[in-house]
Amino acid sequence: MTNTNRAAAVHPAATMHAEEFAAGKISRREFLTRTTALGVSAAAAYGLIGLAAPSEAQAQTTGGIVRVAMEVKGTKDPRLADWPQIANVYRGWLEYLIQYNADGTFEGRLLESWEANADATVYTLKVRPGVTWNNGEAFTADDVVRNFARWADGNVEGNAMASRFPGLVDTATKSLREGAVVKVDDMTVQLNMSESDVAVVPNLSDYPAAVVHASFVDGEDPSVNPIGTGPYIPQEVSVGQKAVLVRAPNHTWWGGTAPLDEIHYIDFGTDPSTMVNLAASDEIDANYETTGDFIEQMDALGWKKLEIVTAATIVVRMNSATSDLYKDKAVRQAIQLAVDPKVVLELGYNNLGTTAENHHACPVHPEYAALPPQTFDASKLKPALEAAGLADAEIEIISLDDGFEATTTAAVVAQLKDAGANVKHTVMPGSTFWNDWQKYPFSSTTWNHRPLAVQNMSLAYTSTGSWNETGMANADFDAAMVKALSLADADARREQMVTLETILQDEGYIIQPYWRSLFAHVKEGFNVERHPSNEHQHYKWSKA
Amino acid sequence: MLIFVVRRLGLMLLSAFVLTFVVFYLTNLPPNLEKLARSEGSVRMTDEAVAQWIIDNGHGGSVLGRYGQWLGVVPGWSNVDEKGVPRGRCFAAGTDPALAPRYCGILQGDWGYSTYFRGPVLPNLGEKLGATGILMLWVMIVMIPTSLLIGILAGMREGSRTDRVLSTFSIATTATPEYVSGVVLVALLASPVTGLSPLLSEWGLIDGKILFQGAASPDRITFWSFTLPVLTIALYGIGYIARMTRASMTEVMTAQYIRTARLKGVGFRQVVLRHALRNALIAPFTVIMLQFPWLLNGVVIVETLFNYKGFGWTLVVAAGNNDINLLLGCSVVAVFVVLVTQLISDIGYVFLNPRIRLS
């Protein structure tokens, strides 16, 4: 389970980061994120700053079942997956090249190690020896190359991985460039990028990047023919009802023995009060997430609270591509500045987080740059709307009908109303809301935590980003993003981040009021980990 | 009698036909098809890709033609996708289209593929109907005896204190819709923070944190998980049937022959049990049969509230996800249940009351 990178070959930037850490310039978490992204193992990274790596949980007992309340959405082709919940089911048998751990480090899973050259254009990936698929075949460099081809295929509609490897893709054919991913030998793969890219490692660890077998038919449901390298296989996946993972028979998992015998996902809808009820009646042992008022209720049941501070957030954004109301930058800015993040955090999320700065970069990101604080002034909204001839226009803000999404949006609506705008709050159930999430003129969207700030920003705010929900198309922003994505060194990238953050804030598309601390609860007697990206790394779970 | 039954069956087919067409038309409105494409393909698809997806998956062409395919009077669609794999309504991907039947609609017994459950409609719908059947059975077991007893006790002596108390109860429960009574019951009996459960738990009267469960699963039906859903549906019906029984009972109790029996010295108990009861039960019988369609209505609310995966829950997810075939299947089942129970009620009526002739 430990990474065997040679300490002698530590990336030069890593030593530099160690000095920065010693000088107090960066936090331990930032240090770990940056150095492990450069291919330094977690153990070596801890070693660089003179700490011992935290050992895996104390002696775990083997056996037992854990029942988790989570929506069961049915599995799809991993690269099309649009929910961490989908991935948490196929994570039982499909593994990743690299894993992002809850402490902010990157760990090789199907890769034993990786190395980046100084300007992050060439990555050398070492395949972990001794890994087998559960049909008995060995896992080799060919599997890695084949999966890169799958990920880079931009001709597949909805491929979440396609825009993540710009340096590997041939823009004419929208697929993997000849010579971009080279098999050096059976155990080594080399990535030759046409441009430097710092997000390769985090991208390989994100939930759509699960590695599938050669027999997998693109676009099919992976649970039908579950060939994977992981310790479990799906026994049952009933959409909307339950999913059961059991140990893969006749399969020796490279990681040893995963403690739990079975993992049951039980879908009881999205109503958190039902979840509290289930916890009280001993129908579940852990939940996917606890939000808002329900944190106290779950605490009161005597369950263990799992908390993690993250860059997960909610963005209440306008869309200029689908609505004429928000084409005027002055209007957007006035709306943004009429909403005080402190109030939203308190009313919408019970102060269970920290305020953000309307630019979607969080202090936990290594390249975060501090901007001068914004001045909020609700009194300027009315004149701005009048100037744009929108004094009587109805502003409709759409959100989910429940949870913190609804309360946060309501807090934004209330402040805009107080500022004199004609605002209407429309709620929708989750089953219909997400069908059109990118299209709504003004709505709230939850964003998961990602290890680097440039990751969400490039997905959401560049003109070509696959999750662009604002209609923002700013050439300067796009150019600065290209530069930022070529700088392996976070300090160098920070200079670009100042530009990116300033433009994003100034465009006024988003009201991004706070960073969420994420919570979940687990019954006494179970070891379950809360992950900042909602990943369920089942092999770390156990029954005490 | 036979003509009557045949006519009723004809009516049933016509209703099913009309209803399914309406449902088909509504679920096939362009925005609904786009929604389906996004949930089936990926939320990240472009508009062009969505339009292509709709055509590739057999949702192009005229609504009537597609409805005909579902019925099985128009040959099922088929095409070849960009990778050269033939796809179609009547065969699974990867099988030989030459072997597939030309028609595969409801008339051929093919209920289609459910996009939500990712499987054929019929077995899924059957399983969910079974789960709802169990719920309905328990509702009937609780509801019928309780309501008849309340109705008879109240109607025996019109205007007495018993009558007033029971009538008040009946009116109160009938006037409370399921979505109110269900929430009240959960808050009162199945919440670890409010209602009776925290008190009982504090006093050590219950082991767990809550008295009853606020969610029920067809896999594991227990007294503790089933009480609240059953009670929620039954309460509404109890009040209604009891009111009808009471009205019928008071009418019978004022009839000439009851007075005659009383004057001849027959005991009150004997009069009620021997002479009044049978005649008083004719009206409630129809009402009980009429409750079946109402129950279908009630299970939609209750199954959603208690997360019980039955017919009502299926209807909600089918509508929420625009699962065309599943929704059509639900419509056929609903028409069938409603009209069959009405048929049984009409026939049963004849046996209870010889004065009524059918046709």
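**Helix packing, chain contacts and nonpolar cores**

In chain B, Leu125(B), Lys128(B), Leu129(B) and Thr132(B) of helix H5(B) meet Phe311(B), Gly312(B) and Thr314(B) of H13(B); residues are in contact if their C-beta atoms, placed from the backbone, lie within 7 Å. Helices are DSSP runs (H or I, at least four residues), numbered from the N terminus. The model is a predicted one, in which local features need pLDDT of at least 70 and side-chain atom pairs count only at pLDDT 80 or more, while totals for chains, interfaces and linings use all residues. Residues are numbered from 1 along each chain as its sequence is written, and chains are lettered from A and ligands numbered from 1 in the order in which they are written.

The axes of H5(B), residues 121-156, and H13(B) come within 7 Å and cross at roughly 135°. Axes are lines fitted to C-alpha atoms, for helices over the stretch in contact, and angles run from 0 to 180 degrees between N-to-C directions. H5(B) is therefore oblique to H13(B); angles under 35 degrees count as roughly parallel, over 145 as roughly antiparallel, 65 to 115 as roughly perpendicular and the rest as oblique. The contact of H5(B) with H13(B) has 3 nonpolar, 3 polar and 1 charged residues. Here Ala, Val, Leu, Ile, Met, Phe, Trp, Tyr, Cys and Pro count as nonpolar, Asp, Glu, Lys and Arg as charged, and the others, Gly among them, as polar.

A second pair in chain B is formed by H9(B), residues 223-253, and H11(B), residues 268-280, which pack at an angle of about 130° with their axes 9 Å apart. These two helices are therefore oblique to each other. Thr245(B), Ser248(B), Met249(B), Val252(B) and Met253(B) of H9(B) make the contact with Ala276(B), Asn279(B) and Ala280(B) of H11(B). Of these residues, 5 are nonpolar, 3 polar and none charged.

Between the chains, 28 residues of chain B are in contact with 30 residues of chain A. On the side of chain B that touches chain A, H2(B) (30-40) and H13(B) (311-320) each supply at least two residues, and H2(B) gives the most, with 3.

The largest nonpolar core has 207 residues, and those with the most contacts inside it are Leu168(A), Val412(A) and Leu416(A). Such a core is a set of buried Ala, Val, Leu, Ile, Met, Phe, Trp, Tyr and Cys residues joined through C-beta atoms within 7 Å, where buried means 20 or more other C-beta atoms within 10 Å of a residue's own. H9(B) gives the most to this core, with 13 residues.

Note on methods: Contact = placed C-beta atoms within 7 Å. Buried ≥ 20, exposed ≤ 12 C-beta atoms within 10 Å, placed from the backbone.
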